[in-house]
Amino acid sequence: MSIKLINIGFGNIVSASRIIAIISPESAPVKRVISEARDRGMLIDATYGRRTRAVIVADSGHIILSAVQPETVKHRLQSKEVVVETEEAE
């Protein structure tokens with residue numbers, strides 16, 4: 001079994017299989033989603049104080065903020081390189 005991990009900037013990595021959406025943070029509905037996630041304690045800020053350029057929605061309900069452009073995350077997601085390989089326990 002292999003797990004594909006995506007670099008979302010500054011050494012932060014997200015499992016590709018957990019990503020539902022990668023969206024731009026400019027619209028009001030997305031800002032509302034970010035605010036609600038912050039209130040619920042489900043917001044992960046991986047920007048290191050930089051400007052948020054991509055918002056990643058995970059299947060667990062977590063909202064991840066990234067300083068990397070959404071297109072860059074998409075290209076990394078589509079690449080065929082597997083970052084980490086794990087062996088199944090027998």
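Me: A strand is a DSSP run of E with at least two residues, a helix one of H or I with at least four, and both are numbered from the N terminus. Which strand holds Ser 66?
Reply: Ser 66 lies in strand β7. The model is predicted, so local features need pLDDT of at least 70 and side-chain atom pairs pLDDT 80 or more, while totals for chains, interfaces and linings use all residues. Residues are numbered from 1 along each chain as its sequence is written, and side-chain values use heavy atoms, leaving out hydrogens and water.

Me: Why is Ser 66 called buried?
Reply: Buried means under 20% relative accessible area, exposed over 50%, and partly exposed in between (1.4 Å probe, protein chains only). Ser 66 has 0%, so it counts as buried.

Me: Which residues is Ser 66 in contact with, leaving aside its neighbours within four places in sequence?
Reply: Contact means heavy atoms within 4.5 Å. By that rule Ser 66 touches Ile 8, Thr 47, Arg 51, Thr 52, Arg 53, Ala 54 and Ile 56.

Me: How far is the backbone oxygen of Ile 8 from a polar atom of the Ser 66 side chain?
Reply: The distance is 2.6 Å. The limit for a polar contact is 3.5 Å between N or O atoms; within protein, one must be able to donate a hydrogen and the other to accept it, and residues adjacent in sequence count only if both atoms are side-chain atoms.

Me: How do you know that β6 and β7 pair?
Reply: Pairing requires at least two bridges found by DSSP between the strands. β6 and β7 have 4, in the antiparallel sense.

Me: What makes β6 largely enclosed?
Reply: Of its 5 residues, 4 are buried, so β6 is largely enclosed by the rest of the structure.

Me: In what order do the strands of the open sheet stand?
Reply: The 4 strands run β4-β6-β7-β5, with mixed pairing. β4 (19-23) and β5 (43-46) are at the edges; each has a single partner strand, so one side of each lacks a neighbour in the sheet. On average, neighbouring strands are turned by 20° against each other, direction ignored.

Me: How many bridges join β4 to β6?
Reply: There are 4, and the two strands run antiparallel. Ile 19 has Ala 58 as its bridge partner in β6.

Me: Which strands does helix α1 touch?
Reply: α1 (residues 28-40) packs on the sheet and touches β4, β5, β6 and β7 (63-66). Its direction makes about 115° with that of β7. Helix α2 (residues 70-78) also packs on the sheet, touching β4 and β6, at about 145° to the direction of β4. Such angles run from 0 to 180 degrees between N-to-C directions, with axes fitted to C-alpha atoms, for helices over the stretch in contact.

Me: Which residues form the aromatic pair, and why is it called tilted?
Reply: Rings of Phe, Tyr and Trp (its six-membered ring) pair if their centres lie within 6.5 Å; planes under 30 degrees apart are stacked, over 60 edge-to-face, the rest tilted. Phe 10 and Tyr 48 are 5.2 Å apart centre to centre, with 35° between the planes, and are classed as tilted.

Me: What does the pair tie together?
Reply: Phe 10 is in the loop between β2 (5-9) and β3 (12-15), Tyr 48 in the loop between β5 and β6, so the pair links parts 38 residues apart in sequence.

Me: How are Phe 10 and Tyr 48 classed by accessibility?
Reply: Phe 10, at 41%, is partly exposed. Tyr 48, at 55%, is exposed. Phe 10 has a positive phi of about 60° though not a glycine; phi of Tyr 48, also not a glycine, is positive, near 55°.
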